Structure formats: C-alpha cells, structure tokens
2 protein chains.
Amino acid sequence: MNKGLSVAIVGATGAVGQEFLRLFDLRDFPVRDLRLLASKRSEGKTSTFKGVEYTIHEAKSDSFENVDVAFFSAGASRSRELVPHALKAGALVVDNSSAFRTDPNIPLVVPEINLDAVGASDRLVAVPNCSAIILLMAVNPLRKLGTIDRLIVSTYQSASGGGAGMMRLLEDETKALVLGTELPPSPLSTRYAYNLFSHNTPIDDSGYNEEESKVIFESRKILSMPELKVNVTCVRVPVLRAHTETVTIEFEGDAPSLEDVRSVLESSPGVRVVDDRSGNRFPTPLDASGQDNVLVGRIRQDLSNPKAICFMVSGDQLLKGAALNAVQIAEAVLAREAVG
Amino acid sequence: MNKGLSVAIVGATGAVGQEFLRLFDLRDFPVRDLRLLASKRSEGKTSTFKGVEYTIHEAKSDSFENVDVAFFSAGASRSRELVPHALKAGALVVDNSSAFRTDPNIPLVVPEINLDAVGASDRLVAVPNCSAIILLMAVNPLRKLGTIDRLIVSTYQSASGGGAGMMRLLEDETKALVLGTELPPSPLSTRYAYNLFSHNTPIDDSGYNEEESKVIFESRKILSMPELKVNVTCVRVPVLRAHTETVTIEFEGDAPSLEDVRSVLESSPGVRVVDDRSGNRFPTPLDASGQDNVLVGRIRQDLSNPKAICFMVSGDQLLKGAALNAVQIAEAVLAREAVG
C-alpha cells in the first residue's frame with residue numbers, strides 16, 4: 001500500500017467519473033498511477049488530477065495490465081464487455097453499472113450495510129442503484145428497532161442519475177426557457193425543465209420501469225430479505241444532482257418510538273438527521289448535494305397505520321449514490337487485504 | 001339567468017383570480033356585471049375581460065351590494081372577514097380558501113363527487129384544497145370497484161399553489177442561476193430553483209404540515225368516509241402550475257383488475273387516462289397545465305400488496321385545483337336554482 005496503487009477509471013469523462021477524481025484527492029486514496037479510460041469518442045481529451053494533466057484513452061480489453069483497482073462507470077454493456085478483462089488482469093473491480101447486480105455470485109454492497117457480503121476471494125463488487133443506496137442508508141439502521149415488513153417509496157430523482165448529458169439537457173432547456181430561445185433537441189418523451197416525469201426506463205409487463213425493479217430487487221439482495229415487500233414509484237424531477245425519496249416503513253409489530261428512530265439514525269455512519277419542525281427545515285437535494293451523508297427528516301408516525309413510520313431522505317446521487325459508495329468499497333476491501 | 005349575473009372576484013389580481021376571468025370567457029359564464037376586488041395595494045390597477053378594461057377596487061365589507069355570485073380566492077383571513085358580508089348581501093359565495101372547509105355546516109365540494117352535499121338553502125360552498133381535489137378526482141370513481149381502506153400519497157406540488165408570488169420567485173431564481181446574477185430575496189427556508197422541499201406550511205405536534213392535514217381531513221369529508229386512512233407527504237417541486245401525486249389505493253378486499261380500473265377512469269368526467277407503457281408517456285404537470293381534465297397513468301398492481309393498486313395523477317392546480325372547480329360549483333348551483 002505504501003507505494004500506492006495503479007487505478008483505472010472506465011467512464012472517466014462522465015459525471016460519476018469526475019467525482020472519482022475529486023474523491024481520490026479528498027480521501028487520500030493511494031493513487032500511484034492513474035489510467036483514465038472512456039469511449040473512443042473521448043480519446044485524447046484530458047482531465048486533471050492533483051495538478052497533473054492526464055490523457056484519456058479508449059477503454060479496451062488490453063487497458064488493464066498491472067491495474068490494481070478498476071472503477072467502472074460507463075454503463076452495463078461496457079461493463080459486461082470489459083470487466084472480465086480487468087479481472088483477468090488481476091484488478092479488483094468495483095462496478096457502478098447494473099451488469100452484475102442480479103448475479104447471485106457477485107456481492108452487491110453498501111459498506112455501511114453489508115460489507116460482509118464480500119468474500120475473501122471476491123474480486124468483483126457491484127455498486128447498487130443510486131435510489132436503492134440512498135433509501136437503504138436510512139432504512140437499514142432501523143432494523144435494530146423491529147422487523148421490517150414493507151417499504152413504500154416515491155422518488156424525486158435528479159438529472160445526474162441520467163449522467164452528465166441529462167444534467168446538461170436540464171440546464172440547456174432551462175436556459176432556453178429563460179432566454180426565450182428554441183429548446184435543444186431531447187431524447188426524452190417530454191420537456192424536462194419546469195416539469196417532471198415517470199422514470200425514463202423501459203416498462204415491463206407488470207407496469208414497472210427498470211428503475212423501480214432495481215429498487216425492489218436490490219433492496220432485497222442488500223438487506224438479505226428476499227421476501228421484503230416494496231412499493232415504489234420512480235419519478236424524475238428538475239433537480240440537478242441529488243435524489244430525494246419519501247419513505248414509509250411498515251414493521252411487523254408496532255412501530256418503534258420516534259425518539260428511538262431519531263436516536264438510531266443520529267448514531268448511524270453516513271446519515272445526518274435534518275428534522276427541524278419549527279424552522280421547517282428538512283432534507284433538500286440542494287443541501288444534500290456535495291455531501292457524503294444522506295439527510296433524513298420529516299420523521300413521523302404514519303397516521304394511517306400504527307405499525308409504520310414515515311420520513312424523507314435526500315442523498316447525493318453522484319457521491320453516496322455512486323462514486324463515494326464505490327470508493328468506500330475499494331477502501332474497505334483493500335484495508336482488509338492489507339490486514340489479512 | 002337571461003340578463004346575466006353580477007359577479008365579484010375577491011383576489012382578482014392573483015393567479016387563481018386571473019384564471020376566473022379566462023374561464024368565464026371560455027365557458028360563457030353569464031357575467032352581466034363584473035366587480036374585481038383585491039387588497040388595498042391593488043386599488044386602481046386594471047384587468048381586461050372580453051376586451052373591456054375593469055378597474056380593481058379594494059375588497060371591503062360594502063363591496064357586495066347586488067352581487068349574485070362572489071368567488072373568493074384571497075386567503076383564509078380575508079375570507080373569514082368578508083364572506084359574511086357577501087352572504088348578507090345575498091350573494092352565492094364560492095370560497096377557495098381554507099376558512100370554512102372544516103365547518104361541518106359548510107359543504108366542501110368537488111362537483112363530480114359530492115354536489116349533493118349542497119343543500120337547497122346553502123349559499124356558501126367551500127372549494128377543497130388543490131391537492132385533495134386532484135387526488136380525489138382519480139380516487140372517487142374507483143369506489144365503484146371496491147371499498148377503499150387506505151390511501152398512500154406523495155405529492156409533487158407546483159409553485160402556483162403558493163400563488164403568483166411563488167411562481168415569480170421560482171422564475172426569478174431560475175433566471176438568476178441561468179444568468180449568474182444574485183438570487184432574489186425569498187421567504188422560503190431554502191432555494192427553490194433546481195431544488196425541492198417539504199411543503200412550506202407550519203408543522204403540528206404530530207409532525208404533519210398543514211397541507212397534509214388538509215388532504216387527510218378534506219378527503220374524508222368530501223368522500224363522506226370519516227374513518228378513511230390516509231398516509232400523505234406533501235412536497236413542493238420546481239414546476240410552475242400543475243400538481244402531480246403518486247397514489248396507492250388499498251382496498252378492503254382484493255384489488256380490482258387493472259382493466260376495470262382503466263375502464264372506470266376512462267369513463268369518468270374530468271379524468272383523462274394517459275398510460276402509454278411502450279412509449280413511456282404518462283401524466284406530466286406540463287401536459288396537465290391549462291387542461292380541465294386531471295391526467296391519470298402508471299396504473300398498475302401494487303407488487304407489495306394484492307389488495308392495492310398504484311397510479312400517478314397530474315392536474316392543473318389553478319384550474320381543477322381551484323378556479324375551474326369553483327366555477328363548476330357555481331354553474332351547478334345556479335342551474336339547480338334555475339330549474340327549482
């Protein structure tokens with residue numbers, strides 16, 4: 001570890017890729033050698049890390065020689081294609097895409113929750129869907145207070161979940177509306193600025209979109225609760241980079257006291273309680289943006305069910321919802337290897 | 001009716017007030033004489049209706065002489081002060097504020113749902129909260145298919161619910177961010193542009209804000225279901241004028257089939273089903289803006305409860321959520337008087 005690691009980022013030009021660089025610096029991640037990889041389109045572009053300019057290269061099957069840790073954040077098909085090569089080259093791979101999340105042999109990890117899912121020989125760890133991570137950061141600690149029967153969730157998801165391109169789309173559309181100029185071309189079925197829409201992923205025969213199916217499947221896998229009941233609606237709102245979710249947790253028995261809920265959340269790593277009723281200050285995506293912690297507030301009894309409590313949670317989609325969670329996974333696995 | 005009516009609008013300069021004028025024109029509301037009233041601040045301003053310019057006067061206790069119908073949309077304290085004078089002057093009063101909604105002697109009416117709540121001698125009718133109206137327009141028709149036990153609702157509320165001032169705040173903040181200028185002063189505890197926040201009404205001891213308490217109380221009153229269970233979280237999003245809500249309805253027995261739900265909603269006046277799974281087109285606030293109908297889509301089984309279905313609804317807060325509902329009430333009561 002002293003000499004540092006050779007680190008690769010696949011998807012280095014993306015919104016999450018750029019957060020990796022910021023986090024490596026902030027967290028003193030032991031980078032000795034940095035390999036910034038992206039699609040052919042970005043070949044030759046540059047990116048700066050700790051004052052040094054790095055050239056971006058096309059990610060290919062032979063890009064991973066001598067790489068110690070590879071972070072993938074370039075979509076599921078790119079991961080399916082290249083992760084096997086990175087593993088063969090001996091790298092520890094932390095994959096932000098959905099490519100391997102449903103594979104029962106691949107751990108799907110939020111370090112605060114289920115780091116123990118990473119076995120000693122595991123060299124590939126999947127980072128969960130952003131909405132699932134942010135939800136479970138608030139939900140998991142409350143398992144100390146009772147057995148959870150059902151989650152009811154509505155999301156207020158930001159543009160960053162659709163990548164740098166969708167953030168730009170929201171900003172460009174907003175700018176066009178403010179200036180009275182023509183709207184830019186859009187891949188969406190509706191305008192995004194001053195609007196919201198059901199999550200723009202394909203809908204299956206049951207009527208659920210991919211994002212909702214991920215939240216359901218991944219919550220069960222991460223919590224090791226294969227029968228957990230999950231009611232979820234995923235909606236995208238005109239916010240730039242943090243997701244918010246309204247959450248109801250139904251317990252099998254009576255709901256825990258709000259004092260216990262607050263106290264457990266306040267002592268949970270990665271969680272900050274923002275619950276000022278008199279000042280009307282609760283989690284907002286703006287306050288959550290750039291923060292490592294997810295913010296939890298509006299903690300209250302569900303008036304329609306004595307076994308349930310409600311709250312809202314906001315978390316930075318690019319940080320805890322993606323890059324930060326990935327770096328935390330790498331740090332934990334590397335620390336264990338250093339000890340072991 | 002032939003000679004038309006003397007009509008007063010209290011709150012004529014507000015966002016809802018302006019919609020009254022547009023609706024009178026569109027619907028041929030029989031206006032013979034128009035009295036535009038507002039706060040002292042607006043005395044002397046003008047507003048145009050059918051090509052004629054009307055001067056706005058301060059609303060006072062003696063403003064209602066010979067008025068046949070008075071529409072109030074200037075807040076609860078103004079209504080509490082002036083509605084008694086309008087009634088004494090003999091006007092039919094339709095009040096958009098919350099002043100009289102909880103009074104068991106005052107009907108709280110969505111015409112498609114409970115027009116029968118208006119008794120022959122009733123001269124004051126309250127218009128429900130906008131979020132409650134939009135919710136119940138989609139919920140009420142489904143009572144044909146089973147007994148409803150519980151509603152679970154998260155709102156995505158637009159700026160217009162906070163009046164013309166809040167719409168301007170959202171636009172001004174957005175403009176400042178686009179142009180890189182200083183943010184305008186704001187009465188909110190957080191920035192609104194590219195952000196969202198728990199509804200900015202006071203929170204009571206149970207942890208619920210006023211908007212949520214209204215949705216709970218008013219749903220029960222309008223549906224005449226005093227024991228209805230309601231789980232609700234009200235959130236404001238950076239959208240200009242239509243509200244969206246994610247809704248789960250839990251029935252006492254098994255959930256009705258989705259075909260039955262669609263078919264009942266498609267034949268319900270004031271409702272339009274927008275539910276294109278393959279094209280990923282569902283209700284959006286942009287599509288609902290300026291529309292009389294509320295839009296319902298994402299109709300699906302709740303995967304966590306066989307007794308429940310889920311959907312989302314979008315409705316124009318200024319129209320069905322306020323001015324349109326008020327004009328419909330007046331039309332129905334006047335038509336009944338004309339017959340009776």
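**Helix packing and sheet**

Modeller: The crossing of H4(A) and H6(A) is right-handed, a term for a near helix turned clockwise from the far one by less than a right angle. This is a predicted model, in which local features need pLDDT of at least 70, side-chain atom pairs count only at pLDDT 80 or more, and totals for chains, interfaces and linings use all residues. Residues are numbered from 1 along each chain as its sequence is written, with chains lettered from A and ligands numbered from 1 in the order in which they are written.

Colleague: Why is H4(A) called oblique to H6(A)?

Modeller: Helix H4 (residues 130-139) of chain A and helix H6 (residues 210-223) of chain A pack at about 45°, their axes 8 Å apart. Angles under 35 degrees count as roughly parallel, over 145 as roughly antiparallel, 65 to 115 as roughly perpendicular and the rest as oblique. H4(A) is therefore oblique to H6(A).

Colleague: Which residues in H4(A) meet H6(A)?

Modeller: They are Ser131(A), Ala132(A), Leu135(A) and Leu136(A); contact requires C-beta atoms, placed from the backbone, within 7 Å.

Colleague: What makes E5 and E8 of chain B edge strands?

Modeller: The open sheet of chain B has 6 strands in the order E5-E2-E1-E6-E7-E8, with parallel pairing. Strands pair if DSSP finds at least two bridges between them. Strand E5 (57-58) and strand E8 (124-126) of chain B each pair on one side only.

Colleague: How do you know that E1 and E6 of chain B pair?

Modeller: Strand E1 (residues 5-10) and strand E6 (residues 69-72) of chain B share 4 bridges in the parallel sense. The bridge partner of Val10(B) in E6(B) is Phe72(B).

Notes: Helix = DSSP H or I, 4+ residues; strand = E, 2+ residues; numbered from the N terminus. Axes fitted to C-alpha atoms, helices over the stretch in contact; angles between N-to-C directions. Contact = placed C-beta atoms within 7 Å.
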